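Hello,

Here is the structure I said I would pass on. My notes on the pocket, the helix beside the pocket lining and the salt bridges follow below.

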Amino acid sequence: LPFRIFIFDGGWEMGLGKWEVDRTRFPDFRGLIDWLHDEGFKVALWWAPLHLGPDRQCWPAARYLATGGRTRMTHGIPLIDYSNPPTQKEYLLPLLRRMLSVEPGCYDADMIKLDFTADKVQRHIRVHDRNLCGEDRYFFEMVRLVAETGRGFKPDFCFFCLLSDEIKMEA
């Protein structure tokens with residue numbers, strides 16, 4: 001099959017929530033991505049936008065967390081409030097720029113693999129935009145925002161997501 005996509009899955013980053021390249025593992029990450037592009041590959045980076053690891057130092061500043069991090073999602077982790085305009089401007093835009101832009105210091109990836117998206121943004125979690133309460137609406141709007149922002153850097157930007165670790169087929 002003529003697939004020419006190279007995916008950097010989990011482990012390229014410094015930690016869940018700290019979406020910067022781990023330079024001990026990839027000292028010249030951009031050089032590696034440039035080489036993959038020269039070889040004809042599109043490059044995807046793994047990203048878990050709703051997941052923060054146990055290391056609090058990897059968490060974004062409290063101003064980006066819904067309710068300052070006091071309420072937790074299904075797996076006991078705080079929620080980054082992507083409905084909040086400062087989160088979008090100060091956190092999401094610089095993050096996607098670093099991942100997708102061709103600018104110096106950025107990674108120049110072509111697409112993103114979203115993961116851990118099945119964690120639930122429940123109605124009791126207060127986010128900035130109350131119209132986005134509830135898991136389905138919040139996820140839809142967050143994905144729309146990521147797609148629009150990503151296309152600002154790469155017109156053909158796309159992402160794919162893992163909705164479940166278990167795929168069920170029905171006849």
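The second largest pocket has a lining of 13 residues, and Gly17, Trp19, Glu20, Tyr91 and Arg98 are the ones nearest its centre. A pocket here is an open set of points on a 1 Å grid over the protein atoms alone, where a 1.4 Å probe fits, with protein on both sides within 12 Å along at least five of seven lines; lining residues have an atom within 4 Å of a point. The space in this pocket comes to about 160 Å³, a volume being the space filled by probe spheres set on the points, which are joined across faces, edges and corners.

Before the rest, the basis: this is a predicted model, in which local features need pLDDT of at least 70 and side-chain atom pairs count only at pLDDT 80 or more, while totals for chains, interfaces and linings use all residues. Residues are numbered from 1 along each chain as its sequence is written, and side-chain values use heavy atoms, with hydrogens and water left out.

Strand E3 (18–21) and helix H2 each supply at least two residues of that lining, and H2 gives the largest share, 5 residues. Helices (H or I, at least four residues) and strands (E, at least two) are DSSP runs, numbered from the N terminus. By type, the lining has 7 nonpolar, 2 polar and 4 charged residues (nonpolar: Ala, Val, Leu, Ile, Met, Phe, Trp, Tyr, Cys and Pro; charged: Asp, Glu, Lys and Arg; polar: the others, Gly among them).

H2 covers residues 85–100 and has a kink of about 35 degrees at Leu92, shortly before Pro94. The bend is the angle between axes fitted to the seven residues ending at a residue and the seven starting there. Buried residues in H2 include Tyr91, Leu92 and Leu95 (buried is under 20% relative accessible area, exposed over 50%, partly exposed in between; 1.4 Å probe, protein chains only).

There are 9 salt bridges, each a side-chain nitrogen of Lys or Arg within 4 Å of a carboxyl oxygen of Asp or Glu. One of them pairs Lys113 with Asp9 (3.2 Å, N to O). Lys113 is in strand E5 and Asp9 in the loop between E1 and E2, so this pair ties together parts 104 residues apart in sequence. Lys113 is buried at 11%, whereas Asp9 is partly exposed at 38%.

Lys154 and Asp110 also form a salt bridge (3.4 Å, N to O). Lys154 is buried at 8%, and Asp110 is buried at 10%. Salt bridges with shared partners join Arg30, Asp34, Asp108, Asp110 and Lys154 into one network.

Regards
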